Amino acid sequence: MRTLDGRYRLEQRIGIGGMSEVWRGHDEVLDRPVAVKLVSPGLDGEGSVERIRAEARSAARLVHPNVASVHDFGACATVPGREAPYIVMELVPGETLAVHLRAGPLDWRIAVRVCAEVSAALAAAHAHGIVHRDVKPANVMLTPAGVKVLDFGIAAPAGADDPTPEGIVVGTPAYLAPEQLCRAPATPAADMYALGVLLYYCLTGRLPYAADSVTQLLGPDRRQPPQPLPEVPGLPAEVAELCRRCLAEDPARRPSSVVAALLLAEAVDARVYVPMQQPLLPRPRPSSVSPWNDQAAAAATEAAGALRFTTRHPG
């Protein structure tokens with residue numbers, strides 16, 4: 001065991017990736033369990049630390065029931081003259097969606113509810129101008145209180161150019177939108193493509209295209225267009241249509257995260273929390289959906305088939 005900055009005691013490594021590892025830790029000051037993500041510094045050294053600090057600050061602005069909170073940022077010495085950044089996050093109980101999907105597809109009601117909450121988390125990020133860029137089952141935690149979306153560690157400002165060196169792909173190839181394969185700037189529409197892949201996988205237990213190897217996904221011929229969603233008994237037609245729209249080649253044809261969250265929540269009579277910028281006058285509504293703004297209301301009403309909601313603040 002070791003302690004970072006005299007405060008965060010590392011207890012057990014719980015995850016490892018190409019550029020980072022995650023530890024279960026304990027905050028000695030506030031006496032609470034935390035997750036500590038140790039990030040390998042990039043080739044640009046100090047520039048990499050500052051970039052990760054900026055990403056941590058962006059993620060820390062997201063306060064939402066379906067987003068794992070970021071508590072702190074720091075840097076620790078690994079070798080003389082070199083520092084590795086770390087991010088302290090909420091330690092989320094439960095298992096990842098990836099673990100649950102090993103047993104096969106989910107019941108469609110569970111799949112739709114999970115994706116509704118993921119959409120709500122993305123709506124909160126998109127409202128702050130943040131694109132997640134790595135929506136996938138391993139970054140979705142299923143807890144007793146609902147879904148938590150993890151790891152905004154490669155999040156980027158919407159519309160920002162990709163600073164990654166040529167030849168390096170940021171994100172998980174199977175969930176990357178077509179425009180991301182061409183290194184287009186990150187946009188919320190890219191997250192919505194990943195959501196479509198996620199929803200398809202939850203409903204069918206497989207990806208919407210052949211993905212036997214990374215070469216097949218990223219090679220010269222690239223991947224094939226998504227296959228149509230097969231019939232799922234009981235699945236509402238509007239959910240199948242939403243999945244199809246999320247997987248559209250043209251980013252402009254994909255729904256917004258607010259629209260997706262509201263439509264999916266309505267399909268299973270669930271409650272989600274989405275951003276609200278302006279209060280609305282009270283109007284009749286189902287009790288299952290939370291606040292939103294006028295622009296989102298108009299869009300979601302059109303998308304969901306004349307749904308009507310009134311505003312209600314969380315709590």
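# Reading a predicted fold, feature by feature

User: D269 comes out exposed, at 57% relative accessible area. Where does D269 lie in the chain?

Analyst: One caveat before that. This model is predicted. D269 belongs to the loop that runs between helix 8 (257-267) and helix 9. Its phi is positive, about 55 degrees, yet it is not a glycine. That backbone angle falls just after helix 8.

User: How covered is helix 8 itself?

Analyst: Mostly covered. Of its 11 residues, 10 are buried. Among them are V258, V259, L262, L263 and L264. S257 is buried in helix 8 as well.

User: Which other non-glycine residue has a positive phi? Is it buried or exposed?

Analyst: R133, with a phi of about 80 degrees. R133 sits in the loop that links strand 8 (130-131) to strand 9 (140-143). R133 is buried, since its relative accessible area is 13% and the cut-off for buried is under 20%. So R133 is buried, whereas D269 is exposed.

User: Let me step back. How many helices and strands does the protein have?

Analyst: Nine helices and 11 strands. The protein has 315 residues, and 49% of them count as buried. For contacts between residues at least 6 apart in sequence, look at how far they reach. In this protein, 57% of them join residues at least 24 apart.

User: How do I describe two packed helices?

Analyst: Two values do it: the angle between the axes and the distance between them. Take helix 5 (residues 188-204) with helix 7. Their axes lie 8 Å apart, at an angle of about 135 degrees. The two helices are therefore oblique to each other. The crossing of helix 5 over helix 7 is left-handed.

User: Which residues make the contact between helix 5 and helix 7?

Analyst: Helix 5 supplies M192, Y193, L195, G196, L199 and Y200. Helix 7 supplies V239, C243 and C246. By class, eight are nonpolar, one is polar and none is charged.

User: At what angle do helix 3 and helix 5 cross?

Analyst: Roughly 165 degrees. The axes of helix 3 (residues 108-127) and helix 5 come within 9 Å. The pair is therefore roughly antiparallel. Here the crossing is right-handed. From helix 3, the contact uses W108, A111, C115, V118, S119, L122 and H126. From helix 5, it uses P188, D191, M192, L195, L198, L199, C202 and L203. The classes are 12 nonpolar, two polar and one charged.

User: Let me zoom in on W108. Is W108 buried or exposed, and what does it touch?

Analyst: W108 is in helix 3. W108 is buried, at 10% relative accessibility. Beyond its neighbours within four places in sequence, W108 contacts L203, V232, P233, G234, L235, P236, A267 and V268. One of these, A267, is among the buried residues of helix 8. For a view along the chain, pair W108 with T204. They are 96 residues apart in sequence, with C-alpha atoms separated by 9.1 Å.

Notes:
Residues numbered from 1 in each chain as written. Predicted model: local features only at pLDDT ≥ 70, side-chain atom pairs only at ≥ 80, totals over all residues. Heavy atoms only, no water. Axes fitted to C-alpha atoms, helices over the stretch in contact; angles between N-to-C directions. Helix = DSSP H or I, 4+ residues; strand = E, 2+ residues; numbered from the N terminus. Parallel < 35°, antiparallel > 145°, perpendicular 65-115°, else oblique. Left-handed = near helix turned anticlockwise from the far one by under 90°. Contact = heavy atoms within 4.5 Å. Nonpolar A, V, L, I, M, F, W, Y, C, P; charged D, E, K, R; others polar. Buried < 20%, exposed > 50% of the residue type's maximum accessible area, 1.4 Å probe, protein only.
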